Amino acid sequence: MTIDWAALGSVFGVSLVAVLALVTLFAGGLRALTAREAARSRGGSGTAGTATATACLTACVIVVLFGIYLIVAG
Amino acid sequence: MDASLLVIIVVVTALAFDFTNGFHDTANSMATSIATGALRPRTAVAFSAVLNLVGAVLSVEVAKTISGGIVDDALITPAVVFGGLVGAILWNLVTWYVGLPSSSSHALFGGLIGATWIASGTDAVHFAKVVDKVVAPAVAAPLVAGIVALLATRLTYRLTKGVSRSVSDRGFKAGQIASAALMSLAHGTNDAQKTMGIITLTLITSGMLAPGAAPPLWVVLSAAIAIALGTYLGGWRITQTLGKGLTTIEAPQGFAAQTSAATVILASSHLGFALSTTHVASGGIMGSGLGRQPGGVRWSVAGRMAMAWLLTLPAAGVVGAMAGKVASTGTLGVIAVAVLGVAIATLIYLLSRREPVRPEHVVDEIAAQAETHKVAA
């Protein structure tokens, strides 16, 4: 009767880190989009907001793709 | 009975089980998206079906756990596997009929273990492996998903406080569709594997494959297609329970719950843990309900679900044991089990037709729900 605690622990650790990173990046993207909206309503271009949002959301996609890559490759 | 004929019967039955699994579990990946109005029900199930198919061919770790370890492949026959499968399918249909999101996976393990135990003796079941790869993850994974979802929901709400209404409405709907997609993919990597494992196990017990072999390509593909078809034809009853019965779901919460559940399942699939995706999804939804507000879970509904979970392994085990015992007596036994199984399944289907729940009904109820809980950020 052996339970592989290390494996269960790694599921917890990996999931926690990956999910919190995804949520943070996604929320960052939404904040940046809000900043862009605000800048535009003041007559600005909102370029900084667009750039930040693109960076955050692209990072989200990369995290997901990297996770899937790890599964397929391993 | 001719061994190869029996193998064909088991393969067809296993694919039928896979189909009911997709049918039963659509709610797990799509309930929150449908509930918040991010996707229309028919679009949601089609999308989910395709991703299940892709997920099923991504990884075969879980299939290997089932074909190579929880029961002794030298001590059982295809007839025993058949009995276990019939037990699992019948239990699945009963829980589907009463609208309980119980676990297709645990029904399968229960059926297989019960049939093996009674037909081939205690020694034929590898209990240590069952505890390590099935029972421990069964308890741990929903808790892990719940805790991760709780923290992710808190973080999401805190970080998006200043986000404007229009951005958050559109953003979270998109995010939720993405997380639902991930969930469907995760479902394919864990649940379709169980059928592949069973078919592979049957091929090994009949001597058509060497012990320890990986699932052949045709097995992988047929299991993937069966689960995708089942997903497409969907389970509206369960969508109702999960989508609105358990907790009220807002888009940010659905996003956090699903991302958490999908990640936990993907990580577990990679390590060969044969999880119940139903339990993990429910754990995620409850955790996120608590993360949003302390009283965010309807504990009475949660308690009913927990009861169904606890019952599933032993109940499917008993049915599987009886079916396995009869089926292993010979050709007549196999025929008897098959006829009885089909008869009971038909009866449940006919009962369910008396008060059918149609997609349209779900749309109406979900629309009302989504209106009340429009994103409040």
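1. Let's start where the two chains meet. Chain A and chain B bury about 3000 Å² between them, and carbon and sulfur atoms give 82% of that area. Buried area here is the accessible area, taken with a 1.4 Å probe, that two parts lose on being put together, summed over both. On the chain A side, A:Val23, A:Phe26 and A:Ile71 lose the most area to chain B, together 18% of what that side buries.

2. A word on what you are looking at: this is a predicted model, in which local features need pLDDT of at least 70 and side-chain atom pairs count only at pLDDT 80 or more, while totals for chains, interfaces and linings use all residues. Residues are numbered from 1 along each chain as its sequence is written, chains are lettered from A and ligands numbered from 1 in the order in which they are written, and side-chain values use heavy atoms, with hydrogens and water left out.

3. Back to the interface, this time by residue. There, 30 residues of chain A are in contact with 40 residues of chain B, contact meaning heavy atoms within 4.5 Å. Between chain A and chain B the count of salt bridges is zero; a salt bridge is a side-chain nitrogen of Lys or Arg within 4 Å of a carboxyl oxygen of Asp or Glu. Five residue pairs, both residues at pLDDT 80 or more, are in polar contact across this interface. A polar contact is a pair of N or O atoms within 3.5 Å; within protein, one must be able to donate a hydrogen and the other to accept it, and residues adjacent in sequence count only if both atoms are side-chain atoms. The elements giving two or more residues to the side of chain A that touches chain B are helix 1 (5-41) and helix 2 (47-73) of chain A. Helix 1 of chain A provides the largest share of that side, 20 residues.

4. Chain A also carries an annotation. An unreviewed UniProt entry marks residues 6-30 and 51-72 of chain A as "transmembrane region". UniProt positions are given in the numbering used here, feature names are shortened, and annotations may be inferred rather than shown by experiment. In the model, residues 6-30 of chain A are 100% helix and 0% strand, with end C-alpha atoms 36 Å apart. Residues 51-72 of chain A are likewise 100% helix and 0% strand, and their end C-alpha atoms lie 31 Å apart.

5. Now for chain B as a whole. Chain B has 14 helices and zero strands. Helices (H or I, at least four residues) and strands (E, at least two) are DSSP runs, numbered from the N terminus. Of the 377 residues in chain B, 61% are buried, where buried means under 20% relative accessible area, exposed over 50%, and partly exposed in between (1.4 Å probe, protein chains only). Among contacts in chain B with a separation of 6 or more, 87% join residues 24 or more positions apart.

6. Helix 5 (residues 104-120) of chain B has 17 residues and reaches 24 Å from first to last C-alpha, close to the 24 Å expected at 1.5 Å a residue; the expected span is 1.5 Å times one less than the number of residues. Because 13 of its 17 residues are buried, helix 5 of chain B is largely enclosed by the rest of the structure. After helix 5 of chain B comes B:Gly121, with a positive phi near 95°. Helix 8 (residues 217-233) of chain B also has 17 residues and reaches 25 Å, close to the 24 Å expected. Its buried residues include B:Val219, B:Ala223 and B:Ile227.

7. Where are the salt bridges, then? The whole structure holds three over all chains. One joins B:Asp191 and B:Lys194 (2.5 Å, N to O); B:Asp191 and B:Lys194 are three residues apart in helix 7 of chain B, about one turn of the helix, and both are buried. Another joins B:Asp169 and B:Arg165 (3.6 Å, N to O), four residues apart in helix 7 (residues 165-205) of chain B. B:Arg165 is partly exposed at 45% relative accessibility. B:Lys64 and B:Glu61 also form a salt bridge (3.8 Å, N to O); B:Lys64 is partly exposed at 37%, and B:Glu61 is partly exposed at 24%.
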